[in-house]
Amino acid sequence: MAFNIKDFTTRLAGKNGISRRTHFEFEIGLPAFLKNKYDAEHLTLLAVSTNLPSVTLDNVQLRRSTVSYKEPFPTNITFGNLSATFFSDGQGKTLTLFKDWLKYIFPVDFITNPSAFRLPYKSDYATTAIIKHFDPEGKVIVTYKFEEIYPSSVSDIPMNWGAFDDLVLLPVDFEYSTYSIERAGDIKYPTPTFPQPVVPKPAPNNQQPESPIFKP
């Protein structure tokens, strides 16, 4: 059967089509020390690009027995880097927001700040971020939720008199603990349960406790 592009596109559309990289929204909550000074919606409106981090299993090569071939076994999970680029607004609030955030995490002004070079509790500066991926009709396809996120670096901004009408972009790198993915219409599975360890029963006086493994 010859390939038919119309049949292909029709069948693809019946499978919900292909998602687009341009349909997203980046939401990040602000820690308490920034909420009175800045607006979280300000960042959402100015977020021009971001990335969906990779997920990698850390594996080791082991043998099941003394003489056998090696097999990979996962030992841990690693999440990739998260970054986002924001437009710099006309009042410079985007830049000062992240600079204030970084200064709070690691203050260095020891002349006016008695807590200089003292790291605060993570719960005071880390927050939650959400990336929503939309279809062409504006419906949410997938939601990515990042836990304990905070900015780790703000890239330099090149300035140039010859760059007429260029917009100022602010690239920011983030650190986070973990992230979860929720797809629209997903089935909510219960949390898996694991067998509990066997606890020996208390023995009467002058008797040995009953072994959970070996019984007479």
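1. The protein chain carries five helices and nine strands, where helices (H or I, at least four residues) and strands (E, at least two) are DSSP runs, numbered from the N terminus. Going from the N terminus, the order reads α-β-α-α-β-β-β-β-α-α-β-β-β-β. Keep in mind that this is a predicted model, so local features need pLDDT of at least 70 and side-chain atom pairs count only at pLDDT 80 or more, while totals for chains, interfaces and linings use all residues. Residues are numbered from 1 along each chain as its sequence is written, and side-chain values use heavy atoms, with hydrogens and water left out.

2. Some overall figures next. The chain has 216 residues, and 22% of them count as buried; buried means under 20% relative accessible area, exposed over 50%, and partly exposed in between (1.4 Å probe, protein chains only). As for contacts (heavy atoms within 4.5 Å), take those between residues at least 6 apart in sequence: 60% of them join residues at least 24 apart.

3. On to charge pairs. Side chains of opposite charge can pair when their charged atoms come close. Searching the whole structure turns up six salt bridges, a salt bridge being a side-chain nitrogen of Lys or Arg within 4 Å of a carboxyl oxygen of Asp or Glu. One of them joins Lys132 and Glu27, at 3.5 Å from N to O. Lys132 sits in strand β6 (residues 127–134) and Glu27 in strand β1 (residues 24–28), so this pair ties together parts that are 105 residues apart in sequence. Both ends are partly exposed: Lys132 has 23% relative accessibility, and Glu27 has 25%.

4. Another salt bridge runs between Lys37 and Asp100, with the closest N and O atoms 3.0 Å apart. This pair links distant parts of the chain, with Lys37 in the loop between α2 (32–35) and α3 (40–46) and Asp100 in helix α4, 63 residues apart. Here the two ends fall into separate classes: Lys37 counts as exposed because its relative accessibility is 55%, whereas Asp100, at 23%, counts as partly exposed.

5. Lys122 and Glu148 also meet through their side chains in a salt bridge, 3.7 Å from N to O. Since Lys122 belongs to helix α5 (residues 122–125) and Glu148 to strand β7 (residues 140–154), the pair ties together parts that are 26 residues apart in sequence. Lys122 is partly exposed at 32% relative accessibility, and Glu148 is partly exposed at 39%.

6. Have a look at Thr94 too, which lies in helix α4 (residues 93–105). Thr94 is buried, its relative accessible area being 0%. The Thr94 side chain reaches the backbone oxygen of Phe87 at 3.4 Å. Setting aside neighbours within four places in sequence, Thr94 is in contact with His42, Leu43, Leu46, Phe86, Phe87, Ser88, Asp89 and Leu170.

7. Leu170 comes up again around Ser155: leaving aside neighbours within four places in sequence, Ser155 is in contact with Leu170 and Pro171. Ser155 has its place in the loop between β7 and β8 (169–175), and counts as partly exposed at 29% relative accessibility. The C-alpha atoms of Ser155 and Thr85 are separated by 9.7 Å, with the two residues 70 apart along the chain.

8. Now the pockets. On a 1 Å grid over the protein atoms alone, a pocket is an open set of points where a 1.4 Å probe fits, with protein on both sides within 12 Å along at least five of seven lines, and lining residues have an atom within 4 Å of a point. Grid points are joined across faces, edges and corners, and a volume is the space filled by probe spheres set on the points. The largest pocket has a volume of about 300 Å³. Its lining includes Asn16, Arg20, Asp135, Pro136 and Arg183. By class, that lining of the largest pocket splits into six nonpolar, three polar and three charged residues; Ala, Val, Leu, Ile, Met, Phe, Trp, Tyr, Cys and Pro count as nonpolar, Asp, Glu, Lys and Arg as charged, and the others, Gly among them, as polar.

9. The second largest pocket holds about 220 Å³ of space. Among its lining residues are Arg20, His23, Ser49, Asn51, Lys132 and His133. β2 (47–50) and β6 each supply at least two lining residues there, and β6 gives the most, with three.

How values were computed:
A polar contact is a pair of N or O atoms within 3.5 Å; within protein, one must be able to donate a hydrogen and the other to accept it, and residues adjacent in sequence count only if both atoms are side-chain atoms.
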